[in-house]
Amino acid sequence: MAVVEEVEQAVAQVARAAGASVVRIGRDGGRGAGVVVRDGFVVTSAHNLRGPSVTVTFAGGRVEQGEVRAADIEGDLAVVAVDTAGAPAIEWQPAAPRMGQVVFAVAPGRGEGARVTAGQVSTLDAAFRGPRGRLIPNGFEHTALVGRGSSGGPVTDGDGRLVGINTHRPGDGLYLALPADSTLAERVDALAAGQAPERRRLGVALIPGHVARRLRAAVGLPPRDGLLVRDVEAGGPADAAGIAAGDLIVTAGGSPVSSLDTLVAAIDAVADDGSLPVTVVRGAEEVTVEVSFARPEAAG
């Protein structure tokens, strides 16, 4: 019974310490959760947002309209500026989450109180995909059961201190979270200052390799590994370089393109003043183009 009592006490402590810091993001039942990280600012997952403003419901039922200060869409993190009106900022755990650590997921409840569930850190250094498909590294996995609308809410230790930000459920009763470490603190500071990260984008919609091979075979073209360009963003880097819908991207930066991750890695490796050689196959012909990611105002 002592263990049961300890768990009960820990859940109650987390609810007291962190419950008032947790908010619901979105109207009606809400799209997700968030947490007050400082006076006037709430952190949430970027995929919970649908525009420049969002409804924020605080513990106790108070509703305010918040404005998105900045969002890192590909990194699935955002900061919302809102009148927190005395809702306390959550305290951060001084160390990164550790393997096996007992943790608690906190989310808005169906009433005015918070929903708290217990679990433990089951995997460190877990990677998962953001809303645009980019791989987000260095996450962690935990077993605290969470329901719909919990993404963007906090994972805490037994004292209610922030251990991570819930992102999404990969299945099998597990959940993925961003660790509340120095990197996350720096990202939150930048977003709160209105500074969204600038990540290079090729400006294309892609069809994965296994589908591209089937499509090529269906029209009698020889098999090739690569990513098929389904659409090109007008005025984007790919468009400026002459990449077109129907092109099969086979190499980038001299390396074979076997997946979206290898293409993104090649793009990220380009120097600020450099360009990326991309080889595409059009029908049976290979064409190499140079893709520049320089801003128009900086190009000349």
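This briefing describes the fold, the helix and strand packing, and some individual residues of one protein structure.

The structure is a predicted model, in which local features need pLDDT of at least 70 and side-chain atom pairs count only at pLDDT 80 or more, while totals for chains, interfaces and linings use all residues. Residues are numbered from 1 along each chain as its sequence is written, and side-chain values use heavy atoms, with hydrogens and water left out. The secondary structure comes to five helices and 18 strands, where helices (H or I, at least four residues) and strands (E, at least two) are DSSP runs numbered from the N terminus.

**Overall picture**

- Along its principal axes, the C-alpha trace of the protein spans about 70 × 45 × 35 Å.
- Of the 300 residues in the protein, 44% are buried; buried means under 20% relative accessible area, exposed means over 50%, and partly exposed lies in between, with a 1.4 Å probe and protein chains only.
- The protein exposes about 14,500 Å², of which carbon and sulfur atoms supply 51%; accessible areas come from the Shrake-Rupley method with a 1.4 Å probe, and for residues only the protein chains shown count as cover.
- Among contacts between residues at least 6 apart in sequence, 58% join residues at least 24 apart, a contact being heavy atoms within 4.5 Å.

- In helix H5 (residues 260-268), the residues Leu263, Val264, Ala266 and Ile267 are buried. They lie on the same side of H5, because they cover an arc of only 160° around the axis, the arc being that of the directions from the helix axis to the C-beta atoms.
- The cover over the buried residues of H5 includes strand E13 (204-207), strand E14 (227-232), E15 and strand E17 (275-282).
- In helix H3 (residues 209-218), the buried residues are Gly209, Ala212 and Arg216. These cover an arc of only 55° around the axis, which puts them on the same side of H3.
- Arg214, Ala217 and Ala218 are exposed on the other side of H3, whereas the cover over its buried residues includes E13, E14, E15 and E17.
- Just after H3, Gly220 takes a positive phi of about 80°.

**Strand E7 and its partners**

- Strand E7 (residues 102-108) is largely enclosed by the rest of the structure, because six of its seven residues are buried.
- E7 pairs with strand E8 (residues 114-129) in the antiparallel sense over seven bridges, two strands being paired if DSSP finds at least two bridges between them; the bridge partner of Ala105 in E8 is Thr117.
- E7 also pairs with strand E10 (residues 154-156) in the antiparallel sense, over two bridges, and here the bridge partner of Phe104 is Thr156.
- Thr156, which lies in strand E10, counts as buried at 0% relative accessibility. Leaving aside neighbours within four places in sequence, Thr156 is in contact with residues including Val14, Ala18, Ile90, Phe104 and Val163.

**Loop residues and positive phi values**

- Ser45 lies in the loop between strand E3 (41-44) and strand E4 (53-58) and is buried, with a relative accessible area of 0%. Its contacts, apart from neighbours within four places in sequence, are Asp76, Ser151, Gly152, Asn166 and Thr167.
- Asp76 lies in the loop between strand E5 (63-72) and strand E6 (77-81), and it is buried, with a relative accessible area of 4%.
- Most residues other than glycine have a negative phi. Asp76 has a positive phi of about 55° although it is not a glycine, and the phi of Asp125 is a positive value near 55°.
- Asp125 is found in strand E8 and is exposed, with a relative accessible area of 64%.
- Ala244 is placed in the loop between helix H4 (237-241) and strand E15 (248-252), and counts as partly exposed at 31% relative accessibility. Not counting residues up to four places away in sequence, Ala244 touches Val229, Val232 and Arg282.
- Ala244 and Val280 are 36 residues apart in sequence and 9.4 Å apart in space, C-alpha to C-alpha.

**Aromatic rings**

- The charged end of Arg62 sits over the ring of Phe58, 4.1 Å from its centre, a criterion that requires NZ of Lys or CZ of Arg within 6 Å of the ring centre and within 35 degrees of the ring normal.
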